[in-house]
Amino acid sequence: LLHTQALGRRGSALSARKLMAAEEAANAEPVPTDAGPVEEKPKDEKPKEIKKVSKPDDALLKQRLQEQDDKLVDKQARLEQIKATVDTRNQPTENAEFTAARSKFNVVRAESRRLLQEKRSIYDQISSADELKKQQQDLTQRLKAELQFFSVEDIERKIKALEMQQQTTSTSVKEDKKIIEDIKRLAANKPMIKQFD
């Protein structure tokens with residue numbers, strides 16, 4: 001209860017202050033905002049008359065709106081005519097000659113695509129055969145470089161000649177090792193030659 005009484009007194013004190021400030025502001029003379037002299041208006045002068053604006057003419061407004069609506073309807077009708085003309089020009093004429101030519105064209109185009117696909121597959125086969133041929137040639141070149149003899153009999157003759165040389169002639173240790181390596185290499189080449197012989 002005490003709390004509500006204190007709030008009531010405080011609220012009435014604030015209201016009273018606001019009222020006093022408003023009365024002082026009304027009684028005080030206006031303060032000029034710029035440095036120029038303040039013009040005082042004589043109290044007997046009447047304020048300027050405000051011109052009355054006449055009511056808009058509804059009939060004239062409706063007439064103008066009707067004219068614009070009529071123009072709009074005319075333009076829309078013209079637009080529809082133009083659209084119809086364009087549509088009739090863009091549609092192909094459906095006659096027997098045109099449809100026959102169109103079907104012939106489709107048949108020829110399908111045949112052309114089939115032949116083009118066949119040509120591509122043939123070229124693919126040719127390129128794969130060329131690649132295989134190139135691989136075979138590379139293998140042959142590599143084998144020729146590795147092999148000095150092309151038959152088992154030639155290899156055996158060479159091995160016998162090297163063994164004979166080793167047994168009958170006096171050679172240094174270095175030459176003897178070289179002869180042994182040649183014999184081993186030739187013996188290792190025998191199975192490879194047998195594959196191709």
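**Surface, helices and charges**

Guide: The chain exposes about 19100 Å², and carbon and sulfur atoms supply 55% of that area. Keep in mind that this is a predicted model.

Visitor: What percentage of the residues count as buried?
Guide: Of the chain's 197 residues, 7% count as buried.

Visitor: How many helices and strands does the chain have?
Guide: There are 5 helices and 0 strands. Going along the sequence, the pattern reads α-α-α-α-α.

Visitor: And the contacts, what share join residues at least 24 apart?
Guide: Take the contacts in the chain between residues at least 6 apart in sequence: 66% of them join residues at least 24 apart.

Visitor: Back to the surface. Which residues form a nonpolar patch there?
Guide: Ile122, Tyr123 and Ile126 do, and together they have about 300 Å² of accessible area. Ile122 belongs to helix α3, which covers residues 96–146.

Visitor: Is Ile122 buried, exposed or partly exposed, and why?
Guide: Ile122 counts as partly exposed because its relative accessible area is 41%, and that class lies between under 20% for buried and over 50% for exposed.

Visitor: Which residues gather in a patch of negative charge?
Guide: That surface patch consists of Glu67, Asp69, Asp70 and Asp74. Glu67 sits in helix α2, residues 58–90. With a relative accessible area of 42%, Glu67 is partly exposed.

Visitor: Now salt bridges. How many turn up in the whole structure?
Guide: A search of the whole structure gives 5 salt bridges. As a general point, side chains of opposite charge can pair when their charged atoms come close.

Visitor: Start with Arg157. What does Arg157 form a salt bridge with?
Guide: The partner of Arg157 is Asp154, and the closest N and O atoms are 3.2 Å apart.

Visitor: Where do Arg157 and Asp154 lie?
Guide: Both are in helix α4, residues 152–168. They are 3 residues apart, about one turn of the helix.

Visitor: What about Lys178, which side chain does it meet?
Guide: Lys178 meets Asp182 in a salt bridge, at 3.9 Å from N to O. Lys178 and Asp182 are both in helix α5, residues 173–196, and 4 residues apart, about one turn of the helix. Lys178 is exposed, with a relative accessible area of 53%.

Visitor: Which Arg forms a salt bridge with Asp182?
Guide: Arg185 does, and the closest N and O atoms of that pair are 3.6 Å apart. Asp182 and Arg185 both lie in helix α5, 3 residues apart, again about one turn of the helix.

Visitor: Why is Arg185 called partly exposed?
Guide: Arg185 has a relative accessible area of 33%, so it falls between the buried limit of under 20% and the exposed limit of over 50%.

Visitor: Last one. Which residues are linked in a network of salt bridges?
Guide: The network links Glu111, Arg114 and Glu118.

Note on methods
Residues are numbered from 1 along each chain as its sequence is written. This is a predicted model: local features need pLDDT of at least 70, side-chain atom pairs count only at pLDDT 80 or more; totals for chains, interfaces and linings use all residues. Side-chain values use heavy atoms; hydrogens and water are left out. Patches are made of residues with over 30% relative accessible area and no salt bridge: like charges are joined within 9 Å, nonpolar side chains (Val, Leu, Ile, Met, Phe, Trp, Tyr) within 5 Å. Accessible areas come from the Shrake-Rupley method with a 1.4 Å probe; for residues, only the protein chains shown count as cover. A salt bridge is a side-chain nitrogen of Lys or Arg within 4 Å of a carboxyl oxygen of Asp or Glu. Helices (H or I, at least four residues) and strands (E, at least two) are DSSP runs, numbered from the N terminus. Buried means under 20% relative accessible area, exposed over 50%, partly exposed in between (1.4 Å probe, protein chains only). Lys and Arg count as positive and Asp and Glu as negative; His and the chain ends are not counted. The place of a charge is taken as NZ of Lys, CZ of Arg, CG of Asp or CD of Glu. Contact means heavy atoms within 4.5 Å.
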